[in-house]
Amino acid sequence: MQGVLGVKPHVPQTQAVLNFTTRWRRKFQRDHPEILDANLNSYGLRAYDATWALAMAVEKAGAATYFSFESDKTKKYMVGVSRNGQNLASALLGTSFRGLFGGFALEADGQLRASAYEVVNVNGNADRVVGYWTPPPAGELTTRSSSKVASQLGTVIWPGDPGAVPKGFEIPMSGKKLRIGVPVKPGFREFVSVSTDPETNETTVTGYCMDVFEAVVKTLPYALPFEYVPFAKPNGESNGSYNDLVNQVFLGNLDAVVGDITIIANRSNYVDFTLPYTESGVSMVVPVRPDGSKNAWSFLKPLTWDLWVTTFLFFLFIGFVVWVLEHRISKDFRGPPSHQAGTSLWFSFSTMAFAQRQNLVSNLTRTVVIIWCFVVLIIIQSYTASFTSLLTVQRLRPTVTDMSELLRKGEFVGYQEGTFVVGLLNSMGFSGDKLVSYNSIEGFDSLFQARENRGCV
């Protein structure tokens, strides 16, 4: 690293620190002779101060009762709970002293008060202190201009050893613009569209991919001048596939490429991609079989024949049960046999519209009818939902469901011109004479119009 600025904790080089470091190094070398040139960092000094703080807090809280524990009745902890834990915590919050790392004092929320930091300038394998920074006391806000802060720092060696402080990115008045390559294709202009004005010969690039790229550029905190470079021949036609366009970045002819370019492993070996902002993948589009479910007898399809017959038998059974319970005590169910049979069947089937008018006398009959009306309500609602779905939702039945089926039957397969899909199809075993390319939505549709072209990827 050259010219990097950073911060690290400031350790005061007092006599106590030097004495402790010497003792620690001597003991560490005696315990671990195989480790040479061991150094104690700031975390070790903080751990030493924390141990002293804990020891002082134990003395304040009372050492006699500190090691007294009681069992945890809630079984929440594996060990017992200290009877003097709250006093120990309060004593630790009130402990302050001058340790090896500096002043030790805890804030009200239990956090260690921040100490001073060194502003270091890193060059190579060494760092050099160019200033110090101390955080303001808790509850105070300070505002200092960058020029005032810079005046309090020592000499900083910036990357490249410049004599002046680098200003970073500024609005460029002149210079080289980034050359952004864009694909040229006759169809699917919703993503990328390249058009040229015949009078002014000015090229305009639009589309969803361009909108995303320009929105990202606007959020940058600095100016990024660029120009679109269509990947086209002098006559305006495409100059190659997407792989050829990506390869121009690898060769250095373009600085970047923006467009509907799929991220694949082969391309990632040569260029870097941004995070994807749209879902990508390979899908198969095939014709569908005609939906023959809508005809004059469609109203029978929501229920199976078994369910139709079962429901009809239950209507007869409920009519019979009501007649058995009511014909002796209700005049509505009396009369000639034909009248009694007709009344019973009418009563049973009228429950579908809840239009029954016969007077029920027996409480047992009323209980049976209430349960039957609830069953009829469920059957009607289920039938209505199924029939509505049958009439409104299109039942898609694809003619092809697997790519291996196309390969086995030797069918023709279409692919978008210039994409990586042709390589994928070749790896799956499709030969070149069975592959047909298209470059627009109209060409996509024409493949389905021809009878010999069954599938399209």
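Accessible areas here come from the Shrake-Rupley method with a 1.4 Å probe. On that basis, this protein exposes about 30900 Å², and carbon and sulfur atoms supply 59% of that area. Welcome to the structure, which is a predicted model.

**The overall picture**
- The chain folds into 14 helices and 15 strands.
- Among the 457 residues of the protein, 27% count as buried.

**The annotated transmembrane regions**
- An unreviewed UniProt entry places the feature "transmembrane region" at residues 303–325 and 369–393.
- Over residues 303–325, the model is 91% helix and 0% strand, with 31 Å between the end C-alpha atoms.

**Aromatic rings**
- You can find 16 aromatic pairs in the structure.
- Trp24 and Phe28 make a stacked pair, with 5.0 Å from centre to centre and 20 degrees between the planes.
- These two residues both belong to helix H1 (residues 15–31), and because they are 4 residues apart there, about one helical turn separates them.
- Trp24 is partly exposed at 24% relative accessibility, and Phe28 is partly exposed too, at 22%.
- Elsewhere, one aromatic cluster brings together Phe312, Phe314, Phe315, Phe349 and Trp372.

**A charge over a ring**
- Lys434 places its charged end over the ring of Phe412, at 4.6 Å from the ring centre.

Methods:
Residues numbered from 1 in each chain as written. Predicted model: local features only at pLDDT ≥ 70, side-chain atom pairs only at ≥ 80, totals over all residues. Heavy atoms only, no water. Phe/Tyr/Trp six-rings, centres within 6.5 Å; stacked < 30°, edge-to-face > 60°. Buried < 20%, exposed > 50% of the residue type's maximum accessible area, 1.4 Å probe, protein only. Lys NZ or Arg CZ within 6 Å of the ring centre and 35° of its normal. UniProt positions renumbered as here; feature names shortened; annotations may be inferred.
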